[in-house]
Amino acid sequence: MFYKYLFPVRPDQTSESLFLLAMRIVFGLLLMNHGIQKWSNFHELSATFADPLGVGSTVSVSLAIFAELFCSMAFIVGFLFRLAIIPMTFTMAMAFFVIHSGDPFFDKELPFVYMILYIMLFISGPGKYSVDYLLRTTLDRTRQTS
């Protein structure tokens with residue numbers, strides 16, 4: 001029954017699912033843009049990027065690129081949605097609580113908004129216009145026929 005957690009189907013209403021799809025596209029593309037910028041400037045950033053976990057700047061920027069670029073792609077299409085959203089939320093939490101901890105709220109407001117939004121979307125699930133929904137319904141049909 002672990003697949004029911006990985007591939008949630010709620011909410012089933014068309015309007016709610018369209019809203020969730022729009023949220024995934026808009027906020028996924030916004031975060032993906034940050035990941036593309038980091039990817040494009042990887043060599044420069046790998047020497048100077050913040051290292052809040054103590055793993056080195058190169059690993060830290062690589063993890064940020066993974067969360068902001070690759071996880072955003074999965075987030076947009078709704079593939080392994082809840083697993084993909086964890087690194088995205090963690091990256092925003094690190095930016096808000098660690099990287100910009102001494103900054104005024106205005107300077108760290110954007111990571112805070114993203115973090116809260118990703119937490120709320122984690123709770124709601126991807127909706128029925130997602131790869132997870134297709135996988136879940138396929139798995140349910142397979143289980144019913146066997």
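Let me start with a crossing: helix α5 passes helix α6 in a left-handed crossing, left-handed meaning that the near helix is turned anticlockwise from the far one by less than a right angle, with clockwise being right-handed. The model is predicted, so local features need pLDDT of at least 70 and side-chain atom pairs count only at pLDDT 80 or more, while totals for chains, interfaces and linings use all residues. Residues are numbered from 1 along each chain as its sequence is written, and side-chain values use heavy atoms, without hydrogens and water.

Helices here are DSSP runs (H or I, at least four residues), numbered from the N terminus. α5 covers residues 81–99 and α6 covers residues 105–124. Their axes come within 8 Å and cross at roughly 160°. An axis is a line fitted to C-alpha atoms over the stretch in contact, and angles run from 0 to 180 degrees between N-to-C directions. α5 and α6 are therefore roughly antiparallel, the word for angles over 145 degrees. Contact means heavy atoms within 4.5 Å. Among the residues making this contact are F81, I85 and M92 of α5 and F105, Y118 and F122 of α6. By class, the contact has 19 nonpolar, two polar and two charged residues. Nonpolar covers Ala, Val, Leu, Ile, Met, Phe, Trp, Tyr, Cys and Pro; charged covers Asp, Glu, Lys and Arg; the others, Gly among them, are polar.

Next, α4 and α5. Their axes come within 9 Å and cross at roughly 150°, which makes α4 roughly antiparallel to α5. This crossing is left-handed. The contact includes F66, E68 and F75 from α4, and F81, T91 and M92 from α5.

The α2 and α4 pair packs at about 155°, with axes 8 Å apart, and the two are therefore roughly antiparallel. α2 passes α4 in a left-handed crossing.

α5 gives the most to the lining, seven residues. The lining divides into 18 nonpolar, four polar and three charged residues.

Technical notes: Parallel < 35°, antiparallel > 145°, perpendicular 65-115°, else oblique.
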